[in-house]
Amino acid sequence: MLHGVLDPQPGRLAFALFDDDRLLHQAAAEMHPRDASQVPEFTLEQLALCKVSLADVTRWSFGCGPGSFTFLRVVTALGAGWAAGNPNIRFRCIPGALAMAAALKPEENEKTGILYDGRNKELLCFVVEKKNGILQPTGEELILNAADAGNYFSANPMRLAAFEADKAALDKLLSDRHFLQIVEPDLTAFAVDNSPFDNNADRMCYIRPAVTG
């Protein structure tokens with residue numbers, strides 16, 4: 001079964017197409033919330049490169065954050081429109097942070113902190129844990145200034161990862177003791193996730209709704 005992925009990331013939109021969990025095609029385009037009108041065109045262009053139509057892709061996973069309120073909502077609204085127009089299309093919303101954590105290849109029971117620029121001299125931290133071989137959110141969604149980040153990560157040591165686009169801002173908030181790894185998200189995490197395709201466009205993870213990228 002064809003399964004499409006759209007993941008709004010800091011400063012770009014990532015696309016992937018899977019046949020079940022086998023990756024067929026992956027691409028990314030520089031994009032910001034103000035470029036929302038480009039999302040449908042970009043998606044259709046990528047599908048055309050794969051020689052499939054929108055109707056051929058009956059399962060979609062959308063990155064639901066953390067990230068920009070506008071960018072996340074544009075992508076999920078698009079998917080909701082597709083599903084409304086074609087009852088064969090089903091979608092689900094999955095935290096994009098899981099794909100970042102997957103890139104770190106964590107061990108069983110390991111926690112990883114996925115960091116984002118929170119603006120206002122703060123960072124956002126979304127904690128992911130591998131349990132029974134499955135990556136899942138721990139429920140820890142934090143807004144930390146430099147002092148809070150130092151205290152939290154000293155008390156809760158874990159590997160930290162972020163996007164290249166956020167590195168400069170995050171480096172100013174982290175001490176030398178807390179190494180930040182820059183990774184490319186592993187979009188296979190979307191394909192293997194066992195969440196239901198529930199057509200719920202409201203399962204968003206903003207941490208701070210005012211964040212824009």
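Strand β6 (residues 111-117) runs parallel to strand β9 (residues 159-162), the two being paired over three bridges; strands count as paired if DSSP finds at least two bridges between them. Within this pairing, G113 has L160 of β9 as its bridge partner. On to strand β10 (residues 180-182), β9 again pairs in the parallel sense over three bridges, and here A162 stands opposite I182 of β10. Strands are DSSP runs of E with at least two residues, helices are runs of H or I with at least four, and both are numbered from the N terminus.

The model is predicted, so local features need pLDDT of at least 70 and side-chain atom pairs count only at pLDDT 80 or more, while totals for chains, interfaces and linings use all residues. Residues are numbered from 1 along each chain as its sequence is written, and side-chain values use heavy atoms, with hydrogens and water left out.

Helix α1 (residues 38-49) has 12 residues and should span 16 Å at 1.5 Å a residue, in agreement with the 17 Å between its end C-alpha atoms; the expected span is 1.5 Å times one less than the number of residues. Its buried residues are V39, F42, T43, Q46 and L47. Buried means under 20% relative accessible area, exposed over 50%, and partly exposed in between (1.4 Å probe, protein chains only).

The buried residues of α1 pack against β1 (2-9), β2 (12-19), β3 (22-30), β4 (59-63) and α2 (69-85), where contact means heavy atoms within 4.5 Å. Just after α1, K51 takes a positive phi of about 60°.
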